[in-house]
Amino acid sequence: MRKGSNIQITRRMIRYSFIGTCLIAFSLLTFWLRTLPIPRIVSDDWVNLLGNDPWYSLRQIEQMALDFPAYSWFDPMTHFPMGEAIYWGPLFRLLAVVLVILTGASTRPEIMYVASFLPPLMAVAMVPVMYGLGAKLVDWKTGLVSAGFIAIVSGQYAYRSLFGFVDHHIGETLFSTLFCLCFIVALMKMKESGVRLSDLSSLKNPVLIYPALAGIAFLLGFYTMTTMVIFGVIVVIYTIIQVLLDQFRKEASDYLILTNVVTFLVVILGIIPFGLNQTGFGVGVYGPGNIVVYGLLIIGSLILYGISRYLSDRPWYFYPISLVGLTIVSLIVGLLALPNLTRGYIGQFTAVFGMQAVVLTVQEAMPWQFANAVSVFNWGWILVAGGVVYLLYRIWKQNDAPALFTLIWFALIFVATTRQVRFEYYLAANIALMAAICVGAVMQIGGRDLLRLAGIERLLKLKEEEVPPEAPDDVPEDTGKKGRKQKVVQKAPAEPSGKPLRSGLLVVTVIIALLFAWSSASANIMMGSNVGGGINSDWTAALVWLGENTSDPGLDYYEIYDSPKVRDTFEYPTEAYGVLSWWDYGHWITFVSKRIPHANPFQRGATTSAHFFMETDVNAATGMLEELGIRYVITDIEMATGKFWAMATWHDPVNATDPFQKPMLYQESATTGSYSTIQLYRESYYQTMIQRLHAFDGSATPAGEILVVESAPASALGLGTSPYPVITNVQQAGTVEDALRYIEEFTRAAPANHSAEILSPEMFTPSTDLDALQRFRLVYESPTNVLSSGGDIRYVKIFEFVSGAVLEGEGTIEVPVETNTGRTFTYRQESRDGIFVLPYPTEAGPDDVVVATGTYRIVETGQEVSVSYRAVMEGLRI
């Protein structure tokens with residue numbers, strides 16, 4: 001301290017300065033890690049946003065920026081011809097628009113760029129929140145470790161808080177974690193205050209502000225996404241267990257009941273002004289169902305309190321028995337009095353933990369694989385286990401309410417994550433906190449011992465705390481042998497030496513923590529430096545072309561619809577039409593092309609989209625498009641290959657790909673006897689609309705090599721219990737008819753469970769004759785050829801569903817076609833009932849880039865025919 005200065009530097013000032021410096025450093029680290037993708041995804045034209053959902057989020061942000069703070073609860077620009085009722089809250093978008101307004105962004109690229117910073121900023125806000133949790137549960141050192149861990153934790157949390165992932169997931173994590181912090185603080189303050197339900201005067205205590213703040217934090221999460229109901233469930237489970245423990249220990253539960261009542265009374269009051277936009281009693285929408293649920297939480301808490309008071313003089317086991325009985329009676333009454341409502345609430349809760357076949361096609365709804373869990377949080381799991389043990393100890397020894405709440409919070413989110421990987425971004429907060437609790441607890445146990453063993457404990461003490469060398473004045477005197485009085489200097493008791501076991505535990509824990517931090521930070525750096533935008537160049541080019549070269553659907557892209565009830569009365573203009581593709585691409589179509597997709601990443605329209613692309617009956621497929629009002633169909637190579645199984649599962653959840661593909665075992669080597677799995681394709685695979693369109697351009701295509709594959713069960717050949725049959729022989733046939741005769745003969749003579757059928761290993765060479773699609777014309781294809789050799793199939797293709805010009809005739813008709821990429825092919829069609837329906841005009845339309853380079857010619861007669869654009873579009877006879 002400088003001489004003459006009046007500034008007193010205290011231990012508290014040093015500590016707070018250190019804490020503040022660390023939190024700033026962790027915040028800067030968080031921001032840096034989250035903004036690593038900027039060089040890869042930012043261009044002069046736009047920000048290539050990550051994933052799928054952020055593109056729709058930007059669509060909403062654009063709307064709000066033009067009419068701030070209005071929020072559209074209905075959107076006709078997706079899920080044609082029904083439109084989409086919005087079922088998530090406006091808060092995340094509202095905050096993004098505030099950033100946009102504050103920075104003065106006005107153009108689409110500027111809005112995309114500024115809004116992309118919101119997720120990293122929310123990740124930065126997680127740092128002090130996590131510090132608060134660690135500090136409240138253990139101490140300030142634990143808080144710093146918790147803040148440090150959340151800065152570098154990897155996985156879904158890190159990805160969804162990157163620059164460019166402009167969606168509410170990070171907001172859900174931030175506000176739910178903030179709620180947990182406020183709720184824990186409320187529990188502590190309420191318990192310390194001694195408030196009692198039976199003493200009305202105690203309810204005037206200003207400490208009630210803490211549960212009120214918890215309610216406000218809950219509302220922030222609620223207006224981000226209604227999944228905050230999960231934290232209501234956490235509170236319910238915690239309340240039941242905590243009251244049971246209090247009853248067992250003969251302790252009062254007033255603090256907990258009052259915390260619940262005040263918290264969720266604030267929630268209900270906050271829902272009423274803005275959260276009743278939708279009808280029904282579901283908790284997944286902003287309707288009265290949320291008030292019912294949180295009202296029941298308050299009532300249930302009061303009932304628990306009443307029962308506990310009534311049974312206070314009875315043996316402890318009376319209470320759990322009464323709760324079980326009350327639960328059963330409540331369910332029975334609910335199912336009898338309000339069966340639909342009760343079943344709906346049960347169904348909505350179990351849906352989180354459900355694993356339906358179609359749900360498993362959604363990446364974020366897939367179950368959490370053990371390997372993924374280990375790779376994401378790696379060394380952190382060891383620390384988490386230590387944190388769980390420490391919290392259990394606190395609960396057992398002290399009936400620690402915050403510790404119990406934290407443990408239940410972790411347990412429920414962990415279980416939810418094992419069922420659906422989407423909850424991993426919630427779990428990241430739990431992992432960081434539990435790992436920090438372990439480190440903090442071990443520091444309390446072995447910190448001083450390690451310092452003593454190292455011989456540096458005294459060096460860390462401030463001088464004013466050291467024992468002075470002289471004895472104090474009141475030290476008693478002793479008389480020596482000669483009668484003289486002597487001062488007796490009392491020696492300070494020797495400090496115990498450090499315990500090696502505790503010190504060793506701390507060293508090991510710190511090493512594990514450093515490994516966790518290093519691996520997580522490395523994963524973040526790798527992900528941020530290599531992540532690419534959601535839309536590749538082929539899709540970008542295709543969607544830009546679609547937006548610039550197709551007719552306007554007749555809607556104002558930016559119009560706000562302030563109520564979801566508009567959906568019941570909204571009517572599309574006559575010129576409106578839909579665009580059909582797989583649901584993954586719906587938001588891209590809306591944002592980039594400003595056209596209206598039928599299917600979108602909310603899985604709206606996924607079933608009908610799957611039915612169309614898996615359909616093998618051309619008439620049924622075209623009937624679907626007519627009913628839906630679809631004008632354009634977009635396909636890509638992923639739909640024909642890697643995403644084929646997802647579409648097949650939505651089409652038929654029971655059989656999935658079985659009608660189209662057949663995995664089989666084949667012998668790689670006769671000498672070693674080794675077998676491998678191969679995917680073969682049935683005739684129906686080539687007959688699906690997705691293959692006819694994307695692989696064969698809708699043209700009639702003759703069968704290629706026709707193979708009859710004979711097989712036997714693996715068990716019949718002594719190969720164990722493999723579910724896949726084993727290929728025993730392959731026979732080539734000249735025609736499909738020859739193959740069918742061979743199969744019939746084989747079946748008559750073959751042993752039981754042996755089979756033969758037409759199968760092919762070639763994905764793009766049909767094993768059966770394919771007739772033409774009469775009303776689909778290719779209008780655009782993207783630049784990239786996905787076949788390295790032996791063919792030309794482009795990554796993305798756009799087809800227009802037209803009426804087709806009608807021509808009477810017999811035989812086969814063909815026309816040469818050149819695409820916008822310069823690829824040429826011949827479109828062929830066989831007449832049906834003496835009629836040709838021709839999709840390509842020989843006179844190009846105003847926006848055509850795929851054109852016929854000659855006239856139609858009937859192969860058998862040589863007759864040539866010209867077809868006008870108008871005849872194709874209006875279905876005229878020629």
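Biologist: Is Phe-218 buried or exposed?

Modeller: This is a predicted model, in which local features need pLDDT of at least 70, side-chain atom pairs count only at pLDDT 80 or more, and totals for chains, interfaces and linings use all residues. Residues are numbered from 1 along each chain as its sequence is written, and side-chain values use heavy atoms, leaving out hydrogens and water. Buried means under 20% relative accessible area, exposed over 50% and partly exposed in between, with a 1.4 Å probe and protein chains only. Because Phe-218 has 0% relative accessibility, the residue counts as buried.

Biologist: How do the rings of Phe-218 and Tyr-294 pair, stacked or edge-to-face?

Modeller: Rings of Phe, Tyr and Trp (its six-membered ring) pair if their centres lie within 6.5 Å, and planes under 30 degrees apart count as stacked, over 60 as edge-to-face and the rest as tilted. Since the centres of Phe-218 and Tyr-294 are 5.3 Å apart and their planes stand at 80 degrees, the pair is edge-to-face.

Biologist: Which helices hold Phe-218 and Tyr-294?

Modeller: Helices are DSSP runs (H or I, at least four residues), as strands are (E, at least two), numbered from the N terminus. The pair ties together parts that are 76 residues apart in sequence, because Phe-218 lies in helix H10 (residues 209-222) and Tyr-294 in helix H13 (residues 288-310).

Biologist: Is Tyr-294 buried or exposed?

Modeller: Tyr-294 belongs to one aromatic cluster with members including Phe-179, Phe-218 and Phe-405. At 1% relative accessibility, Tyr-294 counts as buried.
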